[in-house]
Amino acid sequence: MRLARLFFAGAALLASAALTLPLATRSALAAPAAGGGPESGVGPVTKLPLPRYASLKTDRVNLREGPSKDHRTLWVFQRAGMPVEIVAEFETWRRIRDSEGTEGWVLHSLLSGRRTAIVTASKGADKAAIPLRARADDGAEDEARLEAGVIGSVKSCTGSWCRLVVALPSKRDVDGYIHQDRLWGVYPNEKVD
């Protein structure tokens with residue numbers, strides 16, 4: 001009986017403490033709504049749209065369970081330039097999601113506003129490489145053929161095509177156009193200048 005009263009008293013204390021947090025803090029810590037587009041909200045810290053895409057600045061970024069260094073590390077990203085989606089903000093921390101749906105918190109200083117995108121796998125049974133065209137036209141010649149997982153810098157998007165620059169091994173950078181729906185790192189119909 002005493003244990004039950006202690007449990008309920010503790011639960012009531014935690015509930016009242018949560019209610020005394022500022023609304024911005026509570027909403028920043030809450031899980032974001034799934035499937036939101038770029039107009040879903042505004043970050044309480046930066047006043048920038050949420051969600052929005054960014055990229056990792058360095059080759060080593062700890063993804064944490066919560067917005068502080070006291071929280072355990074869930075994952076360590078090891079690919080600078082990888083696109084991520086910022087879905088929440090809290091002080092100097094950003095909650096991000098990667099292309100596979102993994103979410104966690106990183107320090108804002110480890111993120112860049114530079115837009116990058118990952119080439120996504122072909123739909124259906126066809127796993128062929130994706131053409132990077134010389135022009136935004138299906139009839140244009142191929143500059144390269146890109147496998148799923150290749151990351152490139154997004155230079156612009158029209159809503160249906162994106163201009164992408166990709167650094168290929170032992171070759172010059174390749175600049176070309178790819179269908180926007182073949183990329184993770186830009187929203188459907190988003191225009192990027």
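Strands, as I use the term here, are DSSP runs of E of at least two residues, numbered from the N terminus. I worked throughout on a predicted model.

**Entry 1: overall composition.** I counted two helices and 16 strands in the protein. Of its 193 residues, 38% are buried. I then looked up the accessible surface, which comes to about 11200 Å², with 56% of that area belonging to carbon and sulfur atoms. For contacts between residues at least 6 apart in sequence, I noted that 53% join residues at least 24 apart.

**Entry 2: arginine 115.** I located arginine 115 in the loop between β9 (111-112) and β10 (116-119). Is arginine 115 buried or exposed? Arginine 115 counts as buried because its relative accessibility is 17%, and the cut-off for buried is under 20%. I next listed its contacts, leaving aside residues up to four places away in sequence: Tyr53, Gly152, Ser153, Val154, Gly185, Val186, Glu190 and Val192. With one of these, glycine 185, I found a polar approach: a polar atom of the arginine 115 side chain lies 2.8 Å from the backbone oxygen of glycine 185.

**Entry 3: aspartate 59.** I placed aspartate 59 in the loop between β3 (52-56) and β4 (61-64). Which residues does aspartate 59 touch, not counting those up to four places away in sequence? I recorded Phe77, Gln78, Arg79 and Ala80. The side chain of aspartate 59 reaches the backbone nitrogen of alanine 80 at 3.0 Å. I also checked leucine 110, which is 51 residues from aspartate 59 along the chain; their C-alpha atoms are separated by 9.7 Å.

Notes
Residues numbered from 1 in each chain as written. Predicted model: local features only at pLDDT ≥ 70, side-chain atom pairs only at ≥ 80, totals over all residues. Heavy atoms only, no water. Helix = DSSP H or I, 4+ residues; strand = E, 2+ residues; numbered from the N terminus. Buried < 20%, exposed > 50% of the residue type's maximum accessible area, 1.4 Å probe, protein only. Contact = heavy atoms within 4.5 Å. Areas by Shrake-Rupley, 256 points an atom, 1.4 Å probe, with all protein chains shown as cover. Polar contact = N/O pair within 3.5 Å; in protein donor to acceptor, adjacent residues only side chain to side chain.
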